[in-house]
Each structure stands twice: as structure tokens, then as C-alpha cells.
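Biologist: I have a structure open and would like to go through it with you. Could you take me through it piece by piece?

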Amino acid sequence: MLVMIGAASAAGKRMHVSIDAITSLFPEKVQLGIAVITHIMAIIALSIFGYLGYELSIIAEDKITPIIGVSYYYIDLSVPIGASIMVLFSIQHLLEDMSKLIKGDKPCQ
């Protein structure tokens with residue numbers, strides 16, 4: 001559960017690991033275009049990840065943890081919740097970068 005919260009927090013601050021060795025060679029407008037495409041791909045991937053995590057939590061609803069007696073549903077529900085938060089941050093970053101692309105501003109690092 002904490003992993004998904006940490007991942008969502010990192011996504012909100014644009015701190016996820018990225019390799020920009022190639023994209024940094026392009027002009028800033030192209031870098032923003034690549035960032036926009038990356039955000040769209042992230043939104044799609046995280047949406048699928050969140051949906052599959054929800055399906056997993058539904059399947060695990062009847063399983064109970066042996067020591068604390070909590071349904072695995074609540075544990076597995078952290079996946080779609082974390083993915084949903086990351087989708088919201090990705091949408092926010094997509095809108096920011098699209099605005100910068102239209103206005104001609106510098107990309108966020």
C-alpha cells in the first residue's frame with residue numbers, strides 16, 4: 001500500500017525515473033511534444049493497471065489474512081487507488097505541458 005502512495009507522490013512531483021539522454025538533444029518544443037505523448041501513454045497504461053488491480057481486489061475479496069483477519073480486498077485495493085491518483089497527476093502534467101507547448105514555454109524538468 002505504501003508503495004502505491006509513494007509512487008503517486010513521486011508522480012505528482014515529476015520525480016519518476018526517466019532517461020532523457022536522447023530527448024535532451026532535441027529542441028525544447030520537440031521535448032514538450034515527447035512529454036505530451038509520454039503522458040498520454042502513462043494515462044492509458046495506468047488506467048489499465050488500475051482496472052486490473054480492481055479486478056484483482058474483487059477476486060481476492062474472500063481471502064482473509066491469517067494473522068490480522070483483514071480481507072485481501074482492502075490490501076489489493078491500494079493498486080487501483082494509487083493508479084487513479086497517478087492518472088490524475090498525469091492528466092495535470094499533460095495539461096500543463098500542452099499549455100506550454102501552445103504558448104512556447106520551456107518544458108518542466
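Modeller: Let me start with a term we will need: a residue is called buried when its relative accessible area is under 20%, exposed when it is over 50%, and partly exposed in between. Please also keep in mind that this is a predicted model.

Biologist: What about secondary structure, how many helices and strands?

Modeller: The protein chain has four helices and zero strands, which gives the pattern α-α-α-α when read along the sequence. With a radius of gyration of 17 Å, well over the 13 Å that the globule rule gives for 109 residues, the chain is more spread out than a compact globule.

Biologist: And what box do the C-alpha atoms fill?

Modeller: Taken along the principal axes, the C-alpha atoms fill a box of roughly 55 × 20 × 20 Å. As for the contacts, among those between residues at least 6 apart in sequence, 67% join residues that are at least 24 apart.

Biologist: Switching to the inside, which residues form the largest nonpolar core?

Modeller: That core has ten residues, namely Met-4, Ala-7, Ala-8, Ala-11, Val-36, Ile-43, Leu-46, Met-86, Val-87 and Leu-94. Helices α1, α2 and α4 each supply at least two residues of the core, and the largest share, four residues, comes from α1.

Biologist: Pick Ala-7, what does it touch?

Modeller: If residues up to four places away in sequence are not counted, Ala-7 touches His-16 and Met-86, and Met-86 is itself one of the core residues.

Biologist: Now charges. How many salt bridges are there?

Modeller: The structure holds two salt bridges. In one of them, the side chains of Arg-14 and Glu-96 meet at 3.0 Å, taken from N to O. This pair links distant parts of the chain, since Arg-14 sits in the loop between α1 (2-12) and α2 while Glu-96 belongs to helix α4 (residues 78-103), 82 residues apart.

Biologist: And the other one?

Modeller: There the side chain of Asp-97 meets that of Arg-14, with an N to O distance of 3.2 Å. Because Asp-97 lies in helix α4 and Arg-14 in the loop between α1 and α2, the pair ties together parts that are 83 residues apart in sequence. The salt bridges share partners, and in this way Arg-14, Glu-96 and Asp-97 are joined into one network.

Biologist: Are those three residues buried or exposed?

Modeller: Asp-97 is buried, because its relative accessible area is 1%. Arg-14, at 24% relative accessibility, counts as partly exposed, and Glu-96, at 29%, also counts as partly exposed.

Biologist: Last topic, Ser-57. Where is it, and why does it count as buried?

Modeller: Ser-57 is found in helix α2 (residues 28-59), and it counts as buried because its relative accessibility is 0%. The side chain of Ser-57 reaches the backbone oxygen of Tyr-54 at 2.6 Å.

Biologist: Which residues is Ser-57 in contact with, leaving aside its neighbours within four places in sequence?

Modeller: With those neighbours left aside, Ser-57 is in contact with Tyr-73, Asp-76 and Leu-77.

Notes
Residues are numbered from 1 along each chain as its sequence is written. This is a predicted model: local features need pLDDT of at least 70, side-chain atom pairs count only at pLDDT 80 or more; totals for chains, interfaces and linings use all residues. Side-chain values use heavy atoms; hydrogens and water are left out. Buried means under 20% relative accessible area, exposed over 50%, partly exposed in between (1.4 Å probe, protein chains only). A polar contact is a pair of N or O atoms within 3.5 Å; within protein, one must be able to donate a hydrogen and the other to accept it, and residues adjacent in sequence count only if both atoms are side-chain atoms. Contact means heavy atoms within 4.5 Å. A salt bridge is a side-chain nitrogen of Lys or Arg within 4 Å of a carboxyl oxygen of Asp or Glu. The radius of gyration is taken over C-alpha atoms; the globule rule is 2.2 Å times the number of residues to the power 0.38. A nonpolar core is a set of buried Ala, Val, Leu, Ile, Met, Phe, Trp, Tyr and Cys residues joined through side-chain atoms within 4.5 Å.
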